Amino acid sequence: DHWLLCTDGRIEDFGPMESCPDVGEVIDAKGMNVLPGAIEMHIHGADGVDAMDADMEYIEKISEHLPGTGSTSFLATTMTAPIEDIERALMNLADYRYVAGARMLGIHQEGPFISKKHPGAQDPKHILVPDREAIHHLQDISGNQIRLITYAPEEDDGEFLDALKALDTIPSAGHTDATFETLKQAQALGLSHVTHLYNGMRGLHHREPGTVGFSYMSDAYVELISDGIHSTPEMVKLAFDVITPDRLVMITDAMRAQGLPDGEYDLGGQTVHVAGKEARLADGTLAGSVLTMKQAVRNMREFTGCGWTDIVRMSAYNPAVELGLTDSKGVIRKGADADLVIYDEDADLKHTIIGGKMYF
């Protein structure tokens, strides 16, 4: 029984209905839930395009596509590939200028500085040892837009993590065989994020907690793909209960087939077979997902019984905290960007508003 007023792309004010101002365009959200729009921290592509295409069409198409999935901003996510291909992708993204739709907030560089023991769908031929000079070079050609980087901490002698801190880039443990002790030491030096929990990492063992155990017991933010495939409903519920919404970050890890029919698609030069809700390489390895954020929201509520405030924390507020954007993103407060999504009580997405404009 409240109103919320958006003016010039921002939230101007809100309050109880008896004080509602006389305004022009009205969206009736009675009985629904108005939330800050989701911030996708880990998405490679959608609607036939991928960040590694090194083509500005990627930005145009994904920005147009994401509002219909409940996401209002995102980090364009690259992956392990020949270093020349990564450079081309980063240089293309460096030219990004916002036009419309979901806004790119920077880049998530996943690889190539990962472990050959846990490559997942990343091509092992192109994995490199973490290199201080290399990341300085890549950050430079990206226009300083690399906000988050997934790497294997056990492969680092400490200089790489120091470089990430100097570049104000969030270090994330992923595709890693790191032990619990190695990760604790890295955390003391700045490690603060874990990439797609359970997938591409050393598992939980009663004599060596591994990367999963570190995710449970540290204070790092932890990504979770709540598709029921990368993580079963039971393991999503376990992560929710142990890590809590204060540290979980809902992601899709979607590849270019998100929103498209079943078939064969390219991912980093490898063929991915998409059938139903699964995307796999020929050998059966999971290769990203076709999950959307609105489906992730429905799944999370079904798997865990969580409330809407929990969804806000995991999909919007926690990413905004990590990116240092809580003055404008991930919140409903006066002066914040009018990036909003509206879900009904059945968790069906009804509206997506970005910068005060209706996009879905």
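View 1. In the protein, residues 24 or more positions apart account for 67% of the contacts with a separation of 6 or more. The model shown here and in the views that follow is a predicted one. The protein contains nine helices and 19 strands. Its radius of gyration is 20 Å, close to the 21 Å that the globule rule gives for 360 residues, so the protein is as compact as a globular protein of that length. Taken along the principal axes, the C-alpha atoms fill a box of roughly 60 × 45 × 40 Å.

View 2. Of the 360 residues in the protein, 56% are buried. The protein exposes about 14,700 Å², and carbon and sulfur atoms supply 48% of this area.

**View 3. The open sheet of β3, β17, β18 and β19.** Four strands make up this open sheet in the order β3-β17-β18-β19, and their pairing is antiparallel. The edges are formed by β3 (33-36) and β19 (357-358), each of which has a single partner strand, so one side of each is left without a neighbour in the sheet. Strands of a sheet pair through backbone hydrogen bonds, either parallel or antiparallel.

**View 4. The hairpin of β17 and β18.** Strand β17, which covers residues 340-343, pairs with β18 in the antiparallel sense over four bridges. One of the residues to look for is Y343, whose bridge partner in β18 is L349. Five residues lie between the two strands of this hairpin, and A347 takes a positive phi near 65 degrees.

View 5. Strand β18, residues 349-354, pairs with β19 in the antiparallel sense over two bridges. Within this pair of strands, I354 stands opposite K357 in β19, while the bridge partner of I353 in β19 is M358. The hairpin has two residues between its strands, and G355, which lies in the turn, has a positive phi of about 55 degrees.

**View 6. Helix α6 and the elements that cover its buried residues.** Helix α6, residues 210-217, is mostly covered, with seven of its eight residues buried. These buried residues are G210, T211, V212, G213, F214, S215 and Y216. The elements that cover them include the helices α5 (180-188) and α7 (233-243), together with the strands β11 (193-194) and β12 (221-225).

How values were computed: Residues numbered from 1 in each chain as written. Predicted model: local features only at pLDDT ≥ 70, side-chain atom pairs only at ≥ 80, totals over all residues. Heavy atoms only, no water. Rg over C-alpha atoms; globule rule 2.2 N^0.38 Å. Buried < 20%, exposed > 50% of the residue type's maximum accessible area, 1.4 Å probe, protein only. Contact = heavy atoms within 4.5 Å. Areas by Shrake-Rupley, 256 points an atom, 1.4 Å probe, with all protein chains shown as cover. Pairing = 2+ DSSP bridges.
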